[in-house]
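Below is a short briefing on one predicted model. Please read it alongside the sequence and the coordinates.

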Amino acid sequence: MARRVVVLDYGSGNIHSVHRALQRVGADVTVATDPTEGVDADGLVVPGVGAYTHCVSQLDAIGGRAVVADRVAAGRPVLGICVGLQILFDAGREHGILTKGLGLLPGEVTRLLAPRVPHMGWNTVSWQPGDPLFTGLDAGARCYFVHSYAARPSRALRAAGARVATSVHGEVFVAAVSLGALSATQFHPEKSGDVGATLLANWVSGL
């Protein structure tokens, strides 16, 4: 039986590409503007593009914060993508403004310290051995990124028990993270070809 996945459409995500990518790996996918539709789904996907503050405010406007937090607390899988990863952290700082995130991952999202931003295009990702998101992928696999801000692989994040994958653009940053039922990628798996399809298939198979 196909796993039922809800992609949350809160006005700040690459919804249609994510929908198609999940369908291609065998999920039964619904796009929902009402977050309560994701309460009983096998998996909930929270995409995100644009500014951190805007994504948080849009998610809060539809009551999505509580649904995401409750699912994670109950051990029900959630996948964040791009800014959907960033808002899972404690806070984000953009243009001197600090915005409170969902607080499900320790750390702060800030501007990449790199000679060129946004970081746009393909880049290699390094992950910890045994990370289930990356099962079946060769070391040095390349994924597609579009972002100017990122979280860093801090001691607090690792101390919480998170599996952290990293990439480098000017500095080392969090490319993907898993903690309990919560998984997230800074890159776009739906735009990352066979590598992204394998990662999504791994996530869906674990639901």
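**Briefing: salt bridges, sheet and annotated site**

E108 is partly exposed, with a relative accessible area of 33%; partly exposed covers the range between buried (under 20% relative accessible area) and exposed (over 50%), with a 1.4 Å probe and protein chains only. The model is predicted, so local features need pLDDT of at least 70 and side-chain atom pairs count only at pLDDT 80 or more, while totals for chains, interfaces and linings use all residues. Residues are numbered from 1 along each chain as its sequence is written, and side-chain values use heavy atoms, with hydrogens and water left out.

**Salt bridges**

- The model has 3 salt bridges, each defined as a side-chain nitrogen of Lys or Arg within 4 Å of a carboxyl oxygen of Asp or Glu.
- E108 forms one of them with R93, at 3.2 Å from N to O. R93 lies in strand 5 and E108 in strand 7, so this pair ties together parts that are 15 residues apart in sequence. R93 is partly exposed, at 36% relative accessible area.
- E171 and R152 meet in a salt bridge of 2.4 Å, N to O. This pair links distant parts of the chain, 19 residues apart: E171 is in strand 12 (residues 171-179), and R152 is in the loop between strand 10 and helix 5 (155-159). E171 counts as buried, at 18% relative accessibility.
- R65 and D60 are joined through their side chains by a salt bridge of 2.9 Å, N to O. R65 is partly exposed at 25% relative accessibility, and D60 is partly exposed at 35%.

**Sheet and packing helix**

- Helices (H or I, at least four residues) and strands (E, at least two) are DSSP runs, numbered from the N terminus. Two strands pair if DSSP finds at least two bridges between them.
- An open sheet of 4 strands runs in the order 6-5-7-10, with mixed pairing. Strand 6 (97-100) and strand 10 (149-150) are at the edges with a single partner strand each, so one side of each has no neighbour in the sheet.
- Strand 5 (residues 89-94) pairs with strand 7 (residues 105-111) in the parallel sense over 3 bridges. G92 has V109 in strand 7 as its bridge partner.
- Helix 2 (residues 52-61) packs on the sheet and touches strand 5, strand 6 and strand 7. The direction of helix 2 makes about 130 degrees with that of strand 5; axes are lines fitted to C-alpha atoms, for helices over the stretch in contact, and angles run from 0 to 180 degrees between N-to-C directions.

**Annotated site**

- An unreviewed UniProt entry lists C82, H188 and E190 for "active site". UniProt positions follow the numbering used here, feature names are shortened, and annotations may be inferred rather than shown by experiment.
- These residues are spread over 109 residues of sequence but cluster in space, with a largest C-alpha distance of 10.8 Å.
- H188 sits in the loop between strand 13 (182-185) and helix 6 (193-205), and H188 is buried at 4% relative accessibility. Beyond its neighbours within four places in sequence, H188 contacts V49, I81, C82, Y144 and V146, where contact means heavy atoms within 4.5 Å.
- E190 is in the loop between strand 13 and helix 6, and E190 is buried at 11%. Among its contacts, with neighbours within four places left aside, are N14, I81 and L200.
- The side chains of E190 and H188 make a polar contact of 2.7 Å. A polar contact is a pair of N or O atoms within 3.5 Å; within protein, one must be able to donate a hydrogen and the other to accept it, and residues adjacent in sequence count only if both atoms are side-chain atoms.
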